[in-house]
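Welcome! Take a look at the sequence and the structure, then read on.

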Amino acid sequence: ILGGYEAKPHLRPYMASLQLDGQHVCGGFLIAEQWVLSAAHCTEEMDGRVFQVLLGAHSLREPEPHKRLYRVRAQIPHPGSNIHNNKDDLLLLQLEEKAELNAHVRVLPWQREDRDVAADTVCEVAGWGTISHSGRRPDKLYQVERPVISRDVCNHRTRHDGTITEKMMCTDSRKKDTCKGDSGGPLVCSGVAEGVVTAGSRVCGNYKKPAIYTRIAPYAAWIDGVMAS
Ligand SMILES: NCc1cccc(NC(=O)c2cccc3[nH]c(C(N)=O)cc23)c1
């Protein structure tokens, strides 16, 4: 998260850190007791390893009472996701067991109505992604508020030039933005997850490359289907 600030501990008890060999790789969030939603691109550098999912954390390193690392039983990328574009950039992770829910570990409601969030709506995004252009990685969860920008503005020739589909949304990226390691985290508008952070053009903090999110509502049937299987 660039241009943000340290989150209040455990006010986002749905946040997950997807880890490989004890290292934070991507964000994610709890959508059901045994299911975490993240981004398919996060699986690109796994070389056959599987994620572990850290829940209940504020600090990645320090011992905390409700912090717990869960093994992953299954990792299911959306069938339409691929490494060449941002389409269908969603990943469902089934935990080995149901997460123990408490004040620090909670499910986040997600949007099922397929309607665009109005431009200028201020939403919030959190993550353990890099907090400086030099790539400094935080130990604590950071967050930032960002206004939604319309698809037309985001698709302008000088921005993402027509690549933003109706299953994506954008927020302004001037100074305050998502960055490396924030992928997979939720864009939360009025307490509901509307989008999932995708790396897009990988650029951070440049107003000419707004942040891109996969909208969740268009994928409700897929998510329900996988969780029911
Ligand atoms: N503001 C939009 C946004 C949202 C989330 C992530 C990112 N930026 C990256 O993820 C990124 C950035 C730089 C080098 C990188 N190398 C790799 C990689 N997987 O090798 C990713 C990156 C950007």
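## The pocket and its ligand

With four residues, β3 gives the largest share of the lining of the largest pocket. Please keep in mind that this is a predicted model.

Which elements give two or more residues to that lining? The lining of the largest pocket counts 39 residues, and Val 25, Cys 179, Lys 180, Gly 181 and Ser 183 are the ones nearest the pocket's centre. Two or more lining residues come from each of β3 (23-32), β12 (192-198) and β13 (211-215). By class, the lining of the largest pocket has 15 nonpolar, 15 polar and nine charged residues. The space in this largest pocket comes to about 860 Å³.

Now for the ligand: the space it takes is the largest pocket. Around the ligand you will find Glu 45, Asp 177, Thr 178, Cys 179, Lys 180, Ser 183, Val 197, Thr 198, Ala 199, Arg 202, Val 203 and Cys 204. This shell is made up of five nonpolar, three polar and four charged residues.

| Residue | Atom of the residue | Distance to a ligand nitrogen atom |
|---|---|---|
| Thr 178 | polar backbone atom | 2.8 Å |
| Arg 202 | polar backbone atom | 3.1 Å |
| Val 203 | polar backbone atom | 2.9 Å |

On its own, the ligand has 510 Å² of accessible area, and the protein covers 77% of it.

Technical notes
Residues are numbered from 1 along each chain as its sequence is written. This is a predicted model: local features need pLDDT of at least 70, side-chain atom pairs count only at pLDDT 80 or more; totals for chains, interfaces and linings use all residues. Side-chain values use heavy atoms; hydrogens and water are left out. A residue is near a molecule or strand if one of its heavy atoms lies within 4 Å of it. A polar contact is a pair of N or O atoms within 3.5 Å; within protein, one must be able to donate a hydrogen and the other to accept it, and residues adjacent in sequence count only if both atoms are side-chain atoms. Accessible areas come from the Shrake-Rupley method with a 1.4 Å probe; for residues, only the protein chains shown count as cover. On a 1 Å grid over the protein atoms alone, a cavity is a set of points where a 1.4 Å probe fits but cannot get out, and a pocket is an open set with protein on both sides within 12 Å along at least five of seven lines; lining residues have an atom within 4 Å of a point. A molecule sits in a cavity or pocket if more than half of its atoms lie within 2 Å of its grid points. Ala, Val, Leu, Ile, Met, Phe, Trp, Tyr, Cys and Pro count as nonpolar, Asp, Glu, Lys and Arg as charged, and the others, Gly among them, as polar. Grid points are joined across faces, edges and corners, and a volume is the space filled by probe spheres set on the points.
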